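Here are a few exercises to work through with the model open beside you. Try each task before you read its solution.

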Amino acid sequence: MLSNAQLARLDAETRGRKVLNVFVNARETDAVGRLSWRTTLESALTRTRKALADAPHAERNALDGAAARVLEMADRWSAHAEAGGWVAFVTEDAVVHEEARPVGDTPMVAWRDGVATLAYVCLPPLAPPVLAVLVNARSARILRWAGGALSHVDTIHAHAQARRAGHMGDAPREHFHGGTRGTTTSEAMQRTALTARERMMRELADRLQELAGSDAVIVIGGTPVPAREAWRALSHALTDRALQLGGFSIWATEAEIVRAAQDGAARLARAQQSARVATLLERAGARETGITGAAGTLLAVRAGAGRDVLFTPRFVTRHPDDAELLVREGLTHGAELLEVSGEAAEQLDATGGGVGALLRFPPLRAAAPPATAG
């Protein structure tokens, strides 16, 4: 996946040059289950050639050279269709960029000036790695879901160092205070078990902090009370990307764990988008470090004030030229770019015109007129 800086560099390098932009949905299949993305790709290339029927001979030759390179690459893609899709930026004489990644439901082939920055930014985000935690009072099992594979990472146990207290008729032991006037045997065992569980939760929180890195999300299931304790034990930095799921049993099968990991990651992503839009609208409403609307957002981004630029699919559909210009300016000035969806997009469409930015510093306001004497 290209970083914003890498995409900005490609945009600058290819501006003014013809580039064949290819976004392939490799999960596309026909009615009998055979891969049909290759046919779709070839048909799109044919349509693109026909659209250049009146173009100069040199440009048609350039497209043919780029298309030939794409079809050579497609031979390799066929062996790795599990990636879900591919993105390629290809000129007449070079492959500018190629990567395997899902591209969503709408493939695209476009012969145009430069790379399709807007289309790339609007690709479905790559699924983050997920740490799935199944916990009860005695143990916590950690599994990792990443790159389509589920693996066991660690199991942490509650090691209770409990001894069975002697019966009242047994010979007394040193420091033994069983019976009605001291701590009962069951109370002592419960206290020991509770201490062991608390120690396990701290150990689990430390291990998850180590494993989560900067991008993994955490989905916690198992017995409800211990699962809640595990979530509360996490550091504040992790609770924003952790979720306790009800109905996610300690005995979950691998398929159920995968579904929980995917569902949890999607729910966290939606919640994070909604929180960012809510923050944007609040700050824009207070005329602080937030602004909405296409014109104001573009001015702020051009001034280097844009930190996070948020926009919706509806804004892209209705104002594609404005959206592409905004994305290019955002890349040039180091802004983070995010197409929001679902409820977050509905909220931004309704209140902010489908686009806005969280700012590094407040927008400039008109200076107050000088005070007059007397």
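Predicted model: local features only at pLDDT ≥ 70, side-chain atom pairs only at ≥ 80, totals over all residues.

**Exercise 1. A loop residue**

Leaving aside neighbours within four places in sequence, which residues is Arg 17 in contact with?

Residues are numbered from 1 along each chain as its sequence is written, and side-chain values use heavy atoms, with hydrogens and water left out.

Solution. 
- Step 1: find Arg 17 in the loop between α1 (4-14) and β1. Helices (H or I, at least four residues) and strands (E, at least two) are DSSP runs, numbered from the N terminus.
- Step 2: list the contacts (heavy atoms within 4.5 Å). Arg 17 meets Thr 91, Asp 93, Arg 112, Asp 113 and Gly 114, once neighbours within four places in sequence are set aside.
- Step 3: check the accessibility. With a relative accessible area of 37%, Arg 17 is partly exposed; buried means under 20%, exposed over 50%, and partly exposed in between (1.4 Å probe, protein chains only).
- Step 4: look across to Glu 92. Arg 17 and Glu 92 lie 75 residues apart in sequence, with 9.8 Å between their C-alpha atoms.

**Exercise 2. The sheet around β1**

Work out the strand order of the open sheet that has antiparallel pairing, and find its edges.

Solution. 
- Step 1: trace the four strands in the order β3-β2-β1-β4. Two strands pair if DSSP finds at least two bridges between them.
- Step 2: pick out the edge strands, β3 (95-100) and β4 (108-113), each of which pairs on one side only.
- Step 3: zoom in on β1 (residues 18-25) and β2 (residues 85-90), which run antiparallel and are joined by six bridges. One place to look is Val 22, whose bridge partner in β2 is Ala 88.
- Step 4: Axes here are lines fitted to C-alpha atoms, for helices over the stretch in contact, and angles run from 0 to 180 degrees between N-to-C directions.

**Exercise 3. Two helix pairs**

Decide how α2 runs relative to α3, and α9 relative to α11.

Solution. 
- Step 1: know what to read off. Two packed helices are described by the angle between their axes and the distance between the axes.
- Step 2: take α2 (residues 37-51) and α3 (residues 57-77), whose axes come within 11 Å and cross at roughly 180°. That makes α2 and α3 roughly antiparallel to each other. The cut-offs: angles under 35 degrees count as roughly parallel, over 145 as roughly antiparallel, 65 to 115 as roughly perpendicular and the rest as oblique.
- Step 3: class the residues in this contact. The α2 and α3 contact has nine nonpolar, one polar and five charged residues. Ala, Val, Leu, Ile, Met, Phe, Trp, Tyr, Cys and Pro count as nonpolar, Asp, Glu, Lys and Arg as charged, and the others, Gly among them, as polar.
- Step 4: move to α9 (residues 294-302) and α11 (residues 320-332), which pack at about 20° with axes 9 Å apart. So α9 and α11 are roughly parallel to each other.
- Step 5: name the residues that meet: Thr 297, Leu 298, Val 301 and Arg 302 from α9, and Leu 325, Leu 326, Glu 329 and Gly 330 from α11. By class, that gives four nonpolar, two polar and two charged residues.

**Exercise 4. A strand and its partners**

How many residues of β5 are buried? Then describe how β5 is joined to β6 and β8.

Solution. 
- Step 1: count along β5 (residues 130-135), where six of six residues are buried.
- Step 2: follow β5 to β6 (residues 139-146), an antiparallel partner joined by six bridges. These two form a hairpin with three residues between them, and Val 133 has Ile 142 as its bridge partner in β6.
- Step 3: go to β8 (residues 217-222), which runs parallel to β5 and is joined to it by six bridges. Here Ala 132 has Val 219 as its bridge partner.
- Step 4: finish with Ser 139 in β6, which counts as buried at 19% relative accessibility.
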